[in-house]
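Dear colleague,

Please find the structure below, together with its sequence.

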Amino acid sequence: MTQRRTAGGKRRRPTMADVARAAGVNASTVSRALDSRHPFSRSESADRIRRIAEEVGYTPDPSAASLRRQSTRTIGVLVPRLTDTVMAMLYEEIAAACQEQGLFALVATTGDSLDAELAGGRLLLERRVDAMILTTARLDGPGMLLPLLAEQELPYALAMRTDGRGPAALVDDRLGGYLAARHLIDLGHTRLGLVAGPAYASSARGREEGFRQALAEARLPVDDTLVRRSGFSMDSGEQIGAELLAQPHPPTAVCAVNDNTAIGVMAAARRAGLRVPEDLSVVGFNDTPVATRFPAPLTSVRVAFRELARGAVSLVQQAIDGKPAQTLTYAPTLIPRGSTARRP
């Protein structure tokens, strides 16, 4: 195989990431195949990977390998923001799951910015983490962090969101969106709105797919003027809620991508002189603690954060051990409360 060249025309030394691409495995699997102390190195798969490494021209760097074996027992965690209740809850559960395994979780935030994600990832790499858990995956492009992790041969797992490729611990978002819409349909609502969340998040897309599936099964049309993209914040929910309620034929019920946006929709309804649930039914998602604190407690789709966090920690441990990537999916549960009512 021809060696790659840098921008200046010099030959670049082949990396473990190059071997992983050629073999169709992840870099941590290559690392185990080349480590004679690891049981996997004595398998037929490892023999194949070593042959490919020779073809690629890869030569292990003994000093780098020595550094990698000095485990810090630390897992880096990247979240968009800790002011988001969902991400704060998830991080706390990841930290607890790490502690159960004798590990320490170190967090960095990204604000859902690709540049900040790369900066946060580099910061965690400088802290010599053994692996990373990313809750920041996007469907609109991988950014620069994942290629950097492959170059550094650092195991990782995704949580809450997926890019469709890496190992991931996820809620069944499509089922959750379906349950939310089906609940409203069963209450007699036929004109449903959706605060859909950002298109780059797999969680938002899955919940919208479930919403549309429920309406299709009930033979109800989806009015696309009532399906609006949003952020994940209360302010975003209030803005989109106001837009929905200002329509010539507004919805009688709204599904929201999360509890924050659902709270924003209820604020918009109050500003418009509407009552929840008498005039407008609202369903959230995630079932955060604040959901029960309103005069009309919020109906929400509950996510099993503890199980999801433990799954993410188990996935990074498997990645460290060179095991194949997989996706763990956890079923959500609808929790009906006072923010939804039968259509008058």
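The notes below describe a sheet and then a pair of helices.

This is a predicted model, in which local features need pLDDT of at least 70 and side-chain atom pairs count only at pLDDT 80 or more, while totals for chains, interfaces and linings use all residues. Residues are numbered from 1 along each chain as its sequence is written, and side-chain values use heavy atoms, with hydrogens and water left out.

The sheet is open and has six strands in the order 2-1-3-4-5-11, with parallel pairing. Strands are DSSP runs of E with at least two residues, helices are runs of H or I with at least four, and both are numbered from the N terminus; two strands pair if DSSP finds at least two bridges between them. Strand 2 (104-109) and strand 11 (327-330) are the edge strands, each pairing on one side only. Within the sheet, strand 4 (residues 156-159) and strand 5 (residues 168-171) run parallel and are joined by two bridges. L158 has A168 of strand 5 as its bridge partner.

The axes of helix 10 (residues 234-245) and helix 11 (residues 259-271) come within 6 Å and cross at roughly 45°. Axes are lines fitted to C-alpha atoms, for helices over the stretch in contact, and angles run from 0 to 180 degrees between N-to-C directions. Helix 10 and helix 11 are therefore oblique to each other (under 35 degrees is roughly parallel, over 145 roughly antiparallel, 65 to 115 roughly perpendicular, and the rest oblique). Contact (heavy atoms within 4.5 Å) involves, among others, G237 and G241 of helix 10 and G264 and A268 of helix 11.

Yours sincerely
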